[in-house]
Amino acid sequence: MSKMSETLKVSLPGLDLKNPIMPASGCFQYGKRFAKLFDLSELGAIIVKAATLEPRVGNPNPRVVRVTEGLLNSVGLKNPGLDHILADELPFLEQFDVPIIANVAGSEIADYVETAKRISQAPNVQALELNISCPNVKEGGMVFGTNPESARRLTSAVKEVSAVPVYVKLSPNVTSIVEMARSVSDVADGITMINTFVGLQLDKNGRPELGNKIGGVSGRAIKPIALNMAYEVRQALPDIPLIAMGGIATVDDVLDYISVGADAVAVGTENFNNPYICKELIADLEQEVAKRKLNHLHDLKGRAL
């Protein structure tokens, strides 16, 4: 491995990352379309689309609309179900030298526990991302993601059965993101943050554009808010492993999240605008580290604190 690539390596619980760049859950599916464009082994990790115990058809169409500098989505955790993911999607990814983080969702604790137990035993799954923060499903998700005690109870239950480290994905739709982070900090192995903001868009007739009426806002527009939340959580919890996301589109965005204390980042909406974005950010990050003559990217970690 070259000295250049050594400067980007990141070690987190369960994860040895070549670099800190990974696609966020729901924005990369299970990698098949992107694998036709570039070698997925170049990525730091892949957070695959959410898995639920049973298949989900998702919310009514339309499910995605453009908003200023972003997207409003109400997909509703559509996925083919755990059995299919274990039999087809994860085996496809075994050909690539890249850690897989499996996003786990459900309607109640028993669903999460069973899904987590089984998917954590897949040979290429090296960590779980516990999805307690999806804003556009009517059950589960936000029920756990906005109540500190419920989030802690669910995280503890999943930790008991998981064969790999568990990261909890936080919702921004709370009174205090720090309180939510603290509630799971001593039972989770790490935190990913943030999921989308609840939003609404109307058509010219004053009717909601999404079939589900409300959805989750993502993209460049949310970056300042997401960055501040990462900043607040890192100040409150200086040692917890943190994968941050929200509006990342350029290498400067990546550096901003590292500067507020993130260990690694996930890229979401920008994958829809530019399917090569993760690959390009890795190259840009290597160049930036070399230009600044840093020993390691994490020389910049927390400098905004």
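## Strand β3 and M22

M22 sits in strand β3, residues 21-23. Strands here are DSSP E runs of at least two residues, helices are H or I runs of at least four, and both are numbered from the N terminus. The model is predicted: local features need pLDDT of at least 70, side-chain atom pairs count only at pLDDT 80 or more, and totals for chains, interfaces and linings use all residues. Residues are numbered from 1 along each chain as its sequence is written, and side-chain values use heavy atoms, with hydrogens and water left out.

M22 is buried, at 0% relative accessible area. Buried means under 20%, exposed over 50%, and partly exposed in between, with a 1.4 Å probe and protein chains only. Beyond four places in sequence, M22 touches residues including L17, I47, I101, I243, V265 and C278. Contact means heavy atoms within 4.5 Å. M22 and N195 are 173 residues apart in sequence and 15 Å apart in space, C-alpha to C-alpha.

## Helix α6 and T155

T155 belongs to helix α6, residues 148-161. T155 is also buried, with a relative accessible area of 0%. Its side chain reaches the backbone oxygen of A151 at 2.7 Å.

## Annotated binding site

An unreviewed UniProt entry annotates K49, N73, S74, V75, G76, L77, N131, N195 and T196 as "binding site". Such annotations may be inferred rather than shown by experiment; positions follow the numbering used here, and feature names are shortened. Of these residues, K49, N73, V75, G76, L77, N131, N195 and T196 are included in the lining of the largest pocket. A pocket is an open set of points on a 1 Å grid over the protein atoms alone, where a 1.4 Å probe fits, with protein on both sides within 12 Å along at least five of seven lines; lining residues have an atom within 4 Å of a point.

N73 lies in strand β6, residues 70-73. A polar atom of the N73 side chain is 3.2 Å from the backbone nitrogen of V75. N131 is in strand β8, residues 125-131. N131 counts as buried, at 6% relative accessibility.

## Whole chain

The chain holds 11 helices and 14 strands. Its C-alpha atoms fill a box of roughly 50 × 45 × 40 Å along the principal axes. Of the 305 residues, 57% count as buried. Among contacts with a separation of 6 or more, 71% come from residues 24 or more positions apart.

Key: Polar contact = N/O pair within 3.5 Å; in protein donor to acceptor, adjacent residues only side chain to side chain.
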